[in-house]
Amino acid sequence: PVQDVADSCRTGVATNVIFGLALGYKSVIIPIFAIVVAIYCYEMTSSPVILLVILSTSGFHGQSSTR
């Protein structure tokens, strides 16, 4: 990804900003889908156990990964 960002800098500032935003959105799409699936499963089953299992196994517990 770093080389792609560097390549986008050659065409102009606006392209670099747009590419940076797209790269940022790409990094959060999987966690957003996991949260949506967890909420949907909870609404369909009315069981908080499914919600807790999905969220706890997907790594959303607020811990920093930079140790």
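This is a predicted model: local features need pLDDT of at least 70, side-chain atom pairs count only at pLDDT 80 or more; totals for chains, interfaces and linings use all residues.

Proline 1 is in the segment that comes before H1.

**Proline 1**
- With a relative accessibility of 68%, proline 1 counts as exposed, because the cut-off for that class is over 50%.
- Between proline 1 and leucine 23 the C-alpha to C-alpha distance is 8.1 Å, while the two are 22 residues apart in sequence.

**Packing of H1 and H2**
- Helix H1 spans residues 2-9 and helix H2 spans residues 13-45.
- Their axes lie 8 Å apart, and the helices pack at an angle of about 155 degrees.
- Angles over 145 degrees count as roughly antiparallel, and H1 and H2 are therefore roughly antiparallel to each other.
- The crossing of the two helices, H1 and H2, is right-handed.
- On the H1 side, the contact is made by Asp4, Val5, Ser8 and Cys9; on the H2 side, by Thr15, Asn16, Phe19 and Leu23.
- Sorted by class, the residues in the contact of H1 with H2 are four nonpolar, three polar and one charged.

**Annotated region**
- An unreviewed UniProt entry places the feature "transmembrane region" at residues 17-42.
- In the model, the chain over residues 17-42 is 100% helix and 0% strand.
- The end C-alpha atoms of residues 17-42 are 37 Å apart.

Notes: Residues are numbered from 1 along each chain as its sequence is written. Side-chain values use heavy atoms; hydrogens and water are left out. UniProt positions are given in the numbering used here, feature names are shortened, and annotations may be inferred rather than shown by experiment. Helices (H or I, at least four residues) and strands (E, at least two) are DSSP runs, numbered from the N terminus. Axes are lines fitted to C-alpha atoms, for helices over the stretch in contact, and angles run from 0 to 180 degrees between N-to-C directions. Angles under 35 degrees count as roughly parallel, over 145 as roughly antiparallel, 65 to 115 as roughly perpendicular and the rest as oblique. A crossing is left-handed if the near helix is turned anticlockwise from the far one by less than a right angle, and right-handed if clockwise. Contact means heavy atoms within 4.5 Å. Ala, Val, Leu, Ile, Met, Phe, Trp, Tyr, Cys and Pro count as nonpolar, Asp, Glu, Lys and Arg as charged, and the others, Gly among them, as polar. Buried means under 20% relative accessible area, exposed over 50%, partly exposed in between (1.4 Å probe, protein chains only).
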